[in-house]
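User: Could you walk me through reading this fold? I would like the general idea each time, then the case at hand.

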Amino acid sequence: MIDLLFGDETGFNLEPYIPYGWLPVGKQTAIASQRQHVGNVFGMMSRYGQAIMHWTHQNVNSFYILKCLDQLADEIQQTTVIVLDQATWHTAKIIKQRMDSWADKGLFIFYLPPYSPHLNLIEMLWRKMKYDWLQPHDYLSFNHLKSAVLTISQNLNTEYSINFSKNSLFSL
């Protein structure tokens, strides 16, 4: 038995992802928005919806990924495989140099083929967060947005869930 985690990063800003809305005839409203960048999240999610999220105001680069994976390697209880795309910060020299050390602790990296984000389950989490679960009031301020993102990640499988079909490509 192993733990299988799908990892990737995404950014959040104060511009809401609200494609449309409904209002009574004759009523107008506006949602204040800013393109101001708020933060980035490097996340890892299991097929069963458990997630580990690392929020930062800085760029997610190979050094940040290294720090997050070092922490995970020190905390895992059983063999764990992280599925990552081939972004340059995932395949950087400092990441590859640490792989033997992580393997000794039971942490392994599996790289997806190029141009295959559809194989990384965490992409569904990012989409659900941005387009379904975050609400207009979550974009009122930096603190509101960060709190909402962290609340969603802490309540996966209770208030928020993604149903991966048992008949999907990802069945084990």
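Analyst: Let's start with secondary structure, where helices (H or I, at least four residues) and strands (E, at least two) are DSSP runs numbered from the N terminus. The protein chain has four helices and five strands, arranged along the sequence as β-β-β-α-β-α-β-α-α. Note that this is a predicted model, where local features need pLDDT of at least 70 and side-chain atom pairs count only at pLDDT 80 or more, while totals for chains, interfaces and linings use all residues. Residues are numbered from 1 along each chain as its sequence is written, and side-chain values use heavy atoms, leaving out hydrogens and water.

User: What share of the residues in the protein chain is buried?

Analyst: Buried means under 20% relative accessible area with a 1.4 Å probe, counting protein chains only. Here 42% of the 172 residues are buried.

User: Which residues touch the most other members of the largest nonpolar core?

Analyst: In soluble globular proteins, nonpolar side chains tend to be buried together. A nonpolar core is a set of buried Ala, Val, Leu, Ile, Met, Phe, Trp, Tyr and Cys residues joined through side-chain atoms within 4.5 Å. The largest one has 24 residues, and Phe-12, Leu-125, Met-129, Leu-134, Leu-145 and Val-149 touch the most other members. Helix 3 gives the largest share of this core, five residues.

User: Which residues does Leu-125 touch, beyond those up to four places away in sequence?

Analyst: Contact means heavy atoms within 4.5 Å. Leu-125 touches Met-45, Met-53, Trp-133, Leu-156 and Ile-162.

Terms used. Buried means under 20% relative accessible area, exposed over 50%, partly exposed in between (1.4 Å probe, protein chains only).
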